[in-house]
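I opened my notebook to look up a few things, one at a time. Come along and check each entry against the picture.

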Amino acid sequence: NIDIKKHIKPSLLTLPATLVAIVLIQVGSIMLGFLGTNRDVAFFSIPAQIVMILTAIMTALSFVMVPRLTVLLKQGGDQHKKTASEVMSLSWLLVFPMCIGLIMISDELIFVFAGDAFSPAAASLKIGALRVVAIAISGFAGAQVLVANGEEKKLFTSLIAGITFMIAIDFMLIPALGHVGAMIGAVCAEF
């Protein structure tokens, strides 16, 4: 006998945070549409998609561990802290090579995925590589600390604050820096 209602409530509690996180991804493009040019939107979109692929790995790692960490937290003792520490160590083992590698090969990645006409987008990709680190940190804090402790509302609030902060940064940076300013805003919003 599976009690489906027991699983629906936690899913519904994380739904608003998931929707806000999706909006956060799109805010840069939307703000560029208002404050920048179509060229800026294109130069932002390609790096944002490449970074999103890498961050999906980090996000999956964080959320896969939530059920186990929640059980360990309810059991009490030090096993929760030990396991969370191990997961964070594994995250860093993956995050830093991803970030550094992305920075080092950003010019080539842009050329392969978008062509020579998009070479200015490499600057956004280099900045966007830092977003992988930021998402690892925020994913750990959000998924493994807040969600595991049943504090989804705090996660939702932090995501709303991130969007607000990103919009403020975008208003300041996009007019002068275009797609690079939008990517700086995206990285800052994740921290």
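I began with Ile57, and I noted that its relative accessible area is 42%. Buried means under 20% and exposed means over 50%, so I wrote Ile57 down as partly exposed. Keep in mind that I am reading a predicted model.

Next I asked myself where Ile57 sits. I found Ile57 in helix α2, which covers residues 38-75. Which helix gives the most to the nonpolar patch? I looked, and helix α3 (residues 79-104) does, with three residues.

I stayed with α2 for one more entry and picked Leu69, which lies in that helix. Is Leu69 buried or exposed? I noted Leu69 as buried, because its relative accessibility is 0%. Then I checked Leu69 against Thr83: they are 14 residues apart in sequence, and their C-alpha atoms are 7.3 Å apart in space.

My last stop was helix α6, residues 152-177. I recorded 26 residues and a reach of 35 Å from the first C-alpha to the last, close to the 38 Å expected. Where is the kink in α6 centred? I found the kink, about 35 degrees, centred on Asp170. Asp170 is also one of the buried residues of α6, and others among them are Leu155, Leu159, Gly162 and Ile163.

Key. Residues are numbered from 1 along each chain as its sequence is written. This is a predicted model: local features need pLDDT of at least 70, side-chain atom pairs count only at pLDDT 80 or more; totals for chains, interfaces and linings use all residues. Side-chain values use heavy atoms; hydrogens and water are left out. Helices (H or I, at least four residues) and strands (E, at least two) are DSSP runs, numbered from the N terminus. Buried means under 20% relative accessible area, exposed over 50%, partly exposed in between (1.4 Å probe, protein chains only). The expected span of a helix is 1.5 Å times one less than its number of residues. The bend at a residue is the angle between axes fitted to the seven residues ending there and the seven starting there.
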